[in-house]
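Here is a short report on one protein model. Look over the sequence and the structure first, then read on.

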Amino acid sequence: QFAVLNIITSLLVESTINNADIDQRQIISSEIAKKSQYIHSIRALYHTIGKDVSGGITLEQFQDRLDSSEMLAFCSALELEAS
């Protein structure tokens, strides 16, 4: 009886470890996808704000957009509090 119980326990432990490994891979994959989406969103916002002659955004341009509905929505999508 102990042999059968040990085999069943071993199978349950192995199954749990495999499921944990799959869950971890899914979490990592999800985080990579989020990061990619964040980068895409930041680039889109960057182009919306406008670039100066140097190809950058000035502090003044950035500050002028802080209260815009677009910036607030962007911050909300990134789970940031814009205040």
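E31 and K34 sit three residues apart in helix α1, about one turn of the helix. Helices here are DSSP runs of H or I with at least four residues, numbered from the N terminus. An α-helix has 3.6 residues a turn, so residues three or four places apart point the same way.

E31 and K34 form a salt bridge, with their closest N and O atoms 3.4 Å apart. The term salt bridge means a side-chain nitrogen of Lys or Arg within 4 Å of a carboxyl oxygen of Asp or Glu. Side chains of opposite charge can pair when their charged atoms come close. E31 is partly exposed, because its relative accessible area is 42%. K34 is partly exposed too, at 37%. Buried means under 20% relative accessible area, exposed means over 50%, and partly exposed lies in between (1.4 Å probe, protein chains only).

## How the model is read

This is a predicted model: local features need pLDDT of at least 70, side-chain atom pairs count only at pLDDT 80 or more, and totals for chains, interfaces and linings use all residues. Residues are numbered from 1 along each chain as its sequence is written, and side-chain values use heavy atoms, with hydrogens and water left out.

## The second salt bridge

How many salt bridges does a search of the whole structure find? The search finds two. E70 also forms one, with R65, and the closest N and O atoms there are 3.7 Å apart. E70 is partly exposed at 36% relative accessible area. R65 is partly exposed at 26%.

E70 lies in helix α3. Leaving aside neighbours within four places in sequence, E70 is in contact with L45, T48 and R65. Contact means heavy atoms within 4.5 Å. E70 and T48 are 22 residues apart in sequence, yet their C-alpha atoms are 9.4 Å apart in space.

## The nonpolar core

Which residues make up the largest nonpolar core? There are six: L45, I49, M71, F74, C75 and L78. The largest share, three residues, comes from α3. A nonpolar core is a set of buried Ala, Val, Leu, Ile, Met, Phe, Trp, Tyr and Cys residues joined through side-chain atoms within 4.5 Å. In soluble globular proteins, nonpolar side chains tend to be buried together.

F74 touches S41, I42 and L45, not counting residues up to four places away in sequence.

## Along α1 and past its end

The 48 residues of α1 should span 70 Å at 1.5 Å a residue, and its end C-alpha atoms are 70 Å apart, which agrees. The expected span is 1.5 Å times one less than the number of residues. After α1 comes G50, whose phi is positive, near 105 degrees.

G56 is found in the loop between α1 and α2 (59-65). Is G56 buried or exposed? At 19% relative accessibility, G56 counts as buried. G56 and N6 are 50 residues apart along the chain, and their C-alpha atoms are separated by 65 Å.

## A nonpolar surface patch

V4, I8 and L12 make a nonpolar surface patch of about 290 Å². Patches are made of residues with over 30% relative accessible area and no salt bridge; like charges are joined within 9 Å, nonpolar side chains (Val, Leu, Ile, Met, Phe, Trp, Tyr) within 5 Å. Accessible areas come from the Shrake-Rupley method with a 1.4 Å probe; for residues, only the protein chains shown count as cover. I8 is found in helix α1. I8 is partly exposed, with a relative accessible area of 44%.

Definitions and conventions: Helix = DSSP H or I, 4+ residues; strand = E, 2+ residues; numbered from the N terminus.
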